[in-house]
Amino acid sequence: MALLRSEAVKLDVPFLVPGVIKHIFNRWPYTSEFETFDAPEGDNVTWNRQLAIGAGTAVDPNEDLSGVESASTFTETTRQLRILAREVRVDRFIQQTQSKATDQMRQQLGDASQALMETWMDKTIYGDNAVNSKEFSGWHKLTDDTNQGISEAGSALNLTNMEILLWVNLRKRDLRYHLLMNSQILARFNAYIRKEAGTFVQFTPANFGAPLQQYAGFPIGITDFITMTETNADPPTKTGSNTASIKLLGFGSHRDGGLSWAKVGNFVETTPFDKLENYDAQKVRLMMKGCWIDGSRWSLNQIRGITDAAVAA
């Protein structure tokens, strides 16, 4: 009788490629562009913006000046500091006996770090403290709180609105401005460039051999966290319709009116637990504590309600 396969399997040791092949990729261009600062004590950050400064008055010589008095007024603005968390727990027996090809704790910790950062990126776009008090408000909500931006009302991107976004709605030129859009809208954008001549779009070397696409001198970043399923609303929500948005981001110190991240502790805090009371296991806790601060209304703007259709002039 020939050797049966079922018996041969008992004597064979299958080969497993070490590690786990990374298969989940989501693009995010601005991890190192924005500024961070240590948040003050308390669970929020509050600052004042100018509201009204009055006007000067023309007077004659020897005129009574008591009527030209005027005091500035201010708007108190508050953003809520919030927490994102993720934990990993691996049984010590599993770690000791089943880590020959892949370190169980290391793999779980790597995936947890990616998951936490991607949640932060998603909330950076769509977080709304008014809807969920546990999360910080993201860029959509902060834009609509102070500066409604431009609506394409469920139609294609119009380049005239890009010009309005950059030259009419943008006032503080001293910030580091970037445009942010998803790949579908950028593809429509580039199709228009290939079709038409004499646009403001240019390719320049940001680093040696690395092209950086720009519009009117503003760098364009691609993100996978702006969906094509947004609603055209104030603010847009992540799902519910078939539109997307383009963000104009003015990174800089909040004291200079820029967009920055207020953090509590490190940007990501890692706390290991070598021994647990009720489990023979190891645990690692990852936490991000903070919120986005839009120092002035000019640090954020947008075009929303854009459909996946050919760009119009």
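Two strands are taken as paired if DSSP finds at least two bridges between them. Helices (H or I, at least four residues) and strands (E, at least two) are themselves DSSP runs, numbered from the N terminus. On that basis, Leu179 has Ile220 in strand 9 as its bridge partner. Strand 6 and strand 9 run parallel, with 3 bridges joining them. Strand 9 is also mostly covered, with 4 of its 5 residues buried; buried here means under 20% relative accessible area, exposed means over 50%, and partly exposed is anything in between (1.4 Å probe, protein chains only).

A word on the numbers before going on. The model is a predicted one, so local features need pLDDT of at least 70 and side-chain atom pairs count only at pLDDT 80 or more, while totals for chains, interfaces and linings use all residues. Residues are numbered from 1 along each chain as its sequence is written, and side-chain values use heavy atoms, with hydrogens and water left out.

A nonpolar core is a set of buried Ala, Val, Leu, Ile, Met, Phe, Trp, Tyr and Cys residues joined through side-chain atoms within 4.5 Å. The largest such core holds 63 residues, and Leu179 is among those with the most contacts inside it, along with Trp120, Trp139, Leu157, Met162, Phe189 and Trp292. Helix 3 (residues 104–126) supplies the largest share of this core, 8 residues. As for Trp120, its contacts (heavy atoms within 4.5 Å), leaving aside neighbours within four places in sequence, are Trp28, Phe34, Leu84, Phe136, Trp261, Phe267, Met288 and Trp292.

Rings of Phe, Tyr and Trp (its six-membered ring) pair if their centres lie within 6.5 Å; planes under 30 degrees apart count as stacked, over 60 as edge-to-face and the rest as tilted. Searching the whole structure gives 19 aromatic pairs. One of them is the edge-to-face pair of Trp28 and Phe225, 5.9 Å centre to centre with 80° between the planes. Trp28 sits in the loop between helix 1 (5–11) and strand 1 (35–38), and Phe225 in the loop between strand 9 (218–222) and strand 10 (244–251), so this pair ties together parts 197 residues apart in sequence. Trp28 and Phe225 are both buried. Phe136 and Trp261 make another edge-to-face pair, at 5.1 Å centre to centre and 80° between the planes. Here Phe136 comes from the loop between helix 3 and helix 4 (139–146) and Trp261 from strand 11 (residues 259–263), distant parts of the chain 125 residues apart. Phe136 and Trp261 are buried as well. Ring pairs join Trp28, Tyr30, Phe34, Trp120, Phe136, Trp139, Phe225, Phe251, Trp261, Phe267 and Trp292 into a cluster.

Rings also take up charged partners. A charge is said to sit over a ring if NZ of Lys or CZ of Arg is within 6 Å of the ring centre and within 35 degrees of the ring normal. Lys283 has its charged end over the ring of Phe273, 4.9 Å from the centre, and Arg297 does likewise over Trp298 at 4.8 Å.

Side chains of opposite charge can pair when their charged atoms come close. With a salt bridge defined as a side-chain nitrogen of Lys or Arg within 4 Å of a carboxyl oxygen of Asp or Glu, the count comes to 14. Arg176 and Glu35 meet in one of these (3.4 Å, N to O). Arg176 belongs to strand 6 (residues 176–181) and Glu35 to strand 1, so the bridge ties together parts 141 residues apart in sequence. Arg176 is partly exposed at 34% relative accessible area, and Glu35 is partly exposed at 31%.

Arg79 and Asp294 form a salt bridge too (2.9 Å, N to O). Since Arg79 lies in strand 3 (residues 73–80) and Asp294 in strand 13 (residues 281–294), the parts tied together are 215 residues apart in sequence. Salt bridges with shared partners join Arg49, Arg79 and Asp294 into one network.
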